[in-house]
Amino acid sequence: MHDYDGFASSRQPLSGQEFPMADLRDQPLAEASATSRYRLVDCDVHPVTKTGLGELRPFLSQAEQRRLGLDERRDLTTIGHREAVSIPRNMLYINPAGVLRDDARAPDGSAPGADPAFTARQLLDGNGIDRAVLIGGEMLGLGAMPDPDAAAMIASAYNRWLAATWFDADDRYRGYIVAGAQDPLLAAQEIRRVAEDERFVGVLLPLTDMLMGLRHYYPIYDAANEVGIPVAVHPNSGEGIFRTSPPMAGGTPTYYVEWHSGLSQVFQANLISLVCHGVFERFPNLKVILTEGGLGWIPDVMWRLDKNVRGLRDEVPWVKRLPSEYIVDHVRFTTQPLPEPKRRHHLHVLCEIAHADRTLMFSSDYPHWDFDDPRHALASLPPAIRQRVSSDNAMETYGDRL
């Protein structure tokens, strides 16, 4: 089948029936298939430090501690005293529901997501999750830090902290290597160093004000390609707030609900950039994971790219295939926040267009306020792809490291 001259494409429809979403009920998860090592993999779990960035001290040299203001001159755990260093995050929009689930607080009163043992009991044991991929909650805004050396120091210390604090606490935890994109050569060096620990299954690239297709990022993609791990991005909580964060289209939102609902535009822009700059031609084994970026926009971007590249191929001659084919082969999406249309069939059609049987991986976004329970989220998907979304796609994306 040819969508237009010069590009071949294949489409395998998914089976789906017309059911209202209201018919869904929490259902037990299906057992893993004979070819699956795991029944359920959660690709978006957010650990946080118990007492702030001062926990990184043991993983920083004394010179680095002084450079970041994290040395012993300051008691960073004293209530009411801010740390000398902070990573850009949403300080502008107020979520009246709170960002974190109160029921995720550990018995010692620590913040939701701060206790590895409690998280294992509540999230992993409580939901039958075999592997949880950790995405550092405090690291998401690292890309907005203007100082590349400070960003690199924090990223490296955090990677060591994550391995010592979370990986060593439960062997079901996996995580991403945090890479400061401000200095891509330092980031590539860090990726190669940390990747020797195979509990790290990918790279977290905190987004900046530069789109992902730019050559600036090539050393990072080269390092990830070399060690065989994907590159993941996630909302950084500072979009449209800081000049060095990804901008929001059109202007500045007024309300949290506006800002939160518009975050998917950042993912759209970066996906288009990756395809149009030929990143997947240059790095043919690279996988990119768009975490917590939504799904509803994917068909429009695929269709518009396919149409427009046909008429503008002389501008981007390195785009040698259908853009939608690059997306299906190289880009993965996570379920949370899963669309909930009134009719389940509409979600099934979306899954068919986006080739969710290959591209979609389950994520809960624990311990955030809009956490997705796997029993409800997976039950809303076409039965034919539930196992793929639950674990198989994650196993293929992360490989043996998982």
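Good morning. I begin with a network of salt bridges that links Arg321, Glu325, Asp329 and Arg358. A salt bridge here is a side-chain nitrogen of Lys or Arg within 4 Å of a carboxyl oxygen of Asp or Glu.

This is a predicted model, in which local features need pLDDT of at least 70 and side-chain atom pairs count only at pLDDT 80 or more, while totals for chains, interfaces and linings use all residues. Residues are numbered from 1 along each chain as its sequence is written, and side-chain values use heavy atoms, with hydrogens and water left out.

Let me continue with the salt bridges. The search of the whole structure finds 16 of them. I shall refer to helices (H or I, at least four residues) and strands (E, at least two), which are DSSP runs numbered from the N terminus. I shall also call a residue buried under 20% relative accessible area, exposed over 50%, and partly exposed in between, using a 1.4 Å probe and protein chains only.

Consider Asp115 and Lys50, whose side chains meet at 3.9 Å, N to O. This pair links distant parts of the chain, 65 residues apart: Asp115 lies in the loop between α1 (62-68) and α2 (116-127), and Lys50 in the loop between β3 (41-45) and α1. Asp115 counts as buried because its relative accessibility is 16%, whereas Lys50, at 41%, is partly exposed.

Next comes helix α4. Glu190 and Arg193 form a salt bridge of 2.7 Å, N to O. About one helical turn separates them, because they are three residues apart in α4. Glu190 is buried at 11%, and Arg193 is partly exposed at 33%.

What does Arg192 meet in a salt bridge? The partner is Asp222, at 3.3 Å, N to O. Arg192 lies in helix α4 and Asp222 in helix α5 (residues 218-227), so this pair ties together parts that are 30 residues apart in sequence. Arg192, at 30%, is partly exposed, and so is Asp222, at 36%.

I turn now to the spaces in the model. On a 1 Å grid over the protein atoms alone, a cavity is a set of points where a 1.4 Å probe fits but cannot get out; a pocket is an open set with protein on both sides within 12 Å along at least five of seven lines; and lining residues have an atom within 4 Å of a point. Grid points are joined across faces, edges and corners, and a volume is the space filled by probe spheres set on the points.

The largest pocket holds about 1,500 Å³ of space. It is lined by 50 residues, and Arg89, Val99, Gly137, Ser237 and His368 are the closest to its centre. Helix α6 (residues 256-261) gives the most to this lining, namely four residues.

The second largest pocket has a volume of about 250 Å³. Among its 18 lining residues, Ala152, Met153, Ser156, Leu186 and Glu190 lie nearest the centre.
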